[in-house]
Amino acid sequence: MLSLDQVFNAQTVLKSIIRETHVVRAYGIAPECELFLKPENLQITGSFKVRGSAYKLAMLSDAEKEKGVIACSAGNHAQGVALAASRCGIRSVICLPDTAPISKVEATKGYGAEVCLVEGCYDDACRRARELQAEHGYTFVHPFDDEYVIAGQGTIALETIHDLDDIDAVIVPIGGGGLISGIAYTIKQIRPSIKVYGVQAAGAPSMYRSIQENSIQCLPSVQTIADGIAVKQPGENTFALVGQYVDDIALVSDDEVSSAILALIERQKMIAEGAGAVSVAAAMFGKFPIAGKRVVSIVSGGNIDVTSLSRVIDRGLRNSGRSTSLLIELIDKPGQLKEISRIIADCGGNVTGVHYEKGHTESVNGCFLRIEMETRDFDHVRLITQSLRGEGFKIV
């Protein structure tokens, strides 16, 4: 059974393995509250996962270490197990879903693990890992539903409280529930007045639905840019701990997560993956009653694929009104583009793309002009649109 002594023991064991990540103040991201960030994206391997996996491996018997370990992961747990196993001289085999970002797959191999790619999502990788465990006698290192793993994640709460003793709430990402279980259990033992809020992606709400239904639910499928928390079913231990110690759970959309990633880049100069940014998205978009409160959002990881980051930034820009496109129906004659550009420039917009498109228009001499623009926000977009209409241009 999980105990506070285990969490303190984990803190001692992990001192020579992990990096202590200090809480930092965030400005301009969630102005209604006093927001702080616990940057586990700066952790060794770029994620909090190394805490739980390293503590689990440290607790293995000599016989278990001799046989080796196996794990399944969407990427971050894989790297944590691989690194911890390499440092202990233990053989590690990691089953990853074939949808895992290439960067995470290559990083796992780089830390010394044997990688087995499995078609499907995390749960499919988990089934394959269990099969290999039975065949070869490996010790299975569960990514979240294990008391040693949960205790290792609980060390985040100890560090957070040490840095900021007078906080009102902590917002934590939820996938399978190991991170929030360790944090919520630890905080409620030491500072029960602190609220612990959990966040899941709307496309993978397994814990959210399980708590709502008061029984463990298995989703038929999951789909979210927050691949690190795309879990179909929470664990038995984590479900029980979340039900007992977590105050509330909310969902965030992929658009909200994209906006949070962009805000972290621009305001904090910090890179977070989708799973790591859900806690910030919850603070940004008012998912919990935190106005006027001192709040810590756990930025759980920063292992985002560069190609994915580009798409997320584009999405975040559009969702915040920073980038937009207008389709304008015109009479095809000289000077139209010059006039449109002048209006946009007078309004302070910046044209980044122009596309001439033929199509069915009211006039036989008609055409369409698609204008890509950099803008300040949605009010700025409305100003430009109204100005163009005021000059007689038809916005489609």
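**Rings, charges and cores**

Analyst: The charged end of Arg 130 sits over the ring of Phe 140, 3.7 Å from its centre. A charge sits over a ring if NZ of Lys or CZ of Arg is within 6 Å of the ring centre and within 35 degrees of the ring normal. Arg 25 likewise lies over the face of Tyr 27, at 4.7 Å from the ring centre. This is a predicted model, in which local features need pLDDT of at least 70 and side-chain atom pairs count only at pLDDT 80 or more, while totals for chains, interfaces and linings use all residues. Residues are numbered from 1 along each chain as its sequence is written, and side-chain values use heavy atoms, without hydrogens and water.

User: How many aromatic pairs does a search of the whole structure find?

Analyst: A pair of aromatic rings is described by the distance of the centres and the angle of the planes. The search finds three pairs, where rings of Phe, Tyr and Trp (its six-membered ring) pair if their centres lie within 6.5 Å; planes under 30 degrees apart count as stacked, over 60 as edge-to-face and the rest as tilted. One of them joins Tyr 55 and Tyr 148, with centres 5.8 Å apart and planes at 70°, so the pair is edge-to-face.

User: Which residues touch the most other members of the largest nonpolar core?

Analyst: In soluble globular proteins, nonpolar side chains tend to be buried together. Here Val 170, Val 172, Ile 183, Ile 187 and Ile 298 do so, in a core of 58 residues. A nonpolar core is a set of buried (under 20% relative accessible area, 1.4 Å probe, protein chains only) Ala, Val, Leu, Ile, Met, Phe, Trp, Tyr and Cys residues joined through side-chain atoms within 4.5 Å. Apart from this core lies another, of 36 residues, including Ile 29 and Leu 35.

Conventions: Buried means under 20% relative accessible area, exposed over 50%, partly exposed in between (1.4 Å probe, protein chains only).
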